[in-house]
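Hi,

Here is the structure I promised to pass on.

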Amino acid sequence: MVCVVSRTGRELQRYNQLGCRQVAGCIPYRYKKDSDGKSNSNDIEVLVISSQKGQGQGLTFPKARTAPSIMNGGWELDESLEEAALRESLEEAGVRGNVQCELGKWTFISRRYGTCYEGYMFPMLVEEQLDLWPEKNVRRRIWMTAAEAREVCRHEWMKEALDKLVERLTFPEQQKEDDAQLS
């Protein structure tokens with residue numbers, strides 16, 4: 001068992017040229033299993049988490065938190081974008097896995113605080129779900145279908161990222177062509 005605590009402080013936070021705070025996150029997913037415990041390669045489940053404030057705040061995907069507090073994750077100067085996304089998934093949702101090709105970058109304003117953010121989201125195929133994780137006592141985690149997650153997700157930019165993930169997993173050949181054009 002590995003003991004991990006959530007990072008705190010803001011001295012290592014990254015900001016873009018416009019002063020928007022840069023954050024990273026993942027959409028953890030797994031393939032559904034049938035009654036025999038075998039994966040059904042066509043159906044996926046995604047993991048959503050509750051906010052730290054609990055009920056009534058909606059559900060979201062693991063990512064750097066946007067509240068301006070001392071305990072605030074984000075993409076930090078001493079890590080890659082992918083490492084930040086993995087760290088957030090471990091701290092907030094207690095899952096580990098493989099981060100895949102970036103789903104995109106979104107600029108958004110926090111509705112609650114009016115602060116500008118630049119968010120990067122990645123798909124993460126979950127390999128391990130931990131029983132204990134840093135934010136276990138302040139968050140719930142729930143596996144659900146992509147359609148259900150889209151309904152309950154509270155951030156429009158995260159819904160767009162989820163749509164991209166579903167499209168990528170549904171039409172993998174098209175994604176390979178798109179990735180080749182970007183290279």
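The protein chain exposes about 10,000 Å², and carbon and sulfur atoms supply 50% of it (accessible areas by Shrake-Rupley with a 1.4 Å probe; for residues, only the protein chains shown count as cover). Bear in mind that this is a predicted model, where local features need pLDDT of at least 70, side-chain atom pairs count only at pLDDT 80 or more, and totals for chains, interfaces and linings use all residues. Residues are numbered from 1 along each chain as its sequence is written, and side-chain values use heavy atoms, with hydrogens and water left out.

The fold reads β-β-β-α-β-β-β-β-α-α-α along the sequence, giving 4 helices and 7 strands (DSSP runs numbered from the N terminus: helices are H or I with at least four residues, strands E with at least two). Of the 183 residues, 45% are buried (under 20% relative accessible area, 1.4 Å probe, protein chains only).

Now the rings: the whole structure has 5 aromatic pairs (Phe, Tyr or Trp rings, the six-membered one for Trp, with centres within 6.5 Å; planes under 30 degrees apart are stacked, over 60 edge-to-face, the rest tilted). Trp-106 and Trp-157 sit 6.1 Å apart between ring centres with planes at 45 degrees, so that pair is tilted. Trp-106 is in strand S5 (residues 104-109) and Trp-157 in helix H3 (residues 156-170), so the pair ties together parts 51 residues apart in sequence. Phe-108 also pairs with Trp-157, this time stacked, at 4.4 Å centre to centre and 15 degrees between planes. Both Phe-108 and Trp-157 are buried. Ring pairs join Trp-106, Phe-108, Tyr-117 and Trp-157 into a cluster.

Cheers

Technical notes:
Buried means under 20% relative accessible area, exposed over 50%, partly exposed in between (1.4 Å probe, protein chains only).
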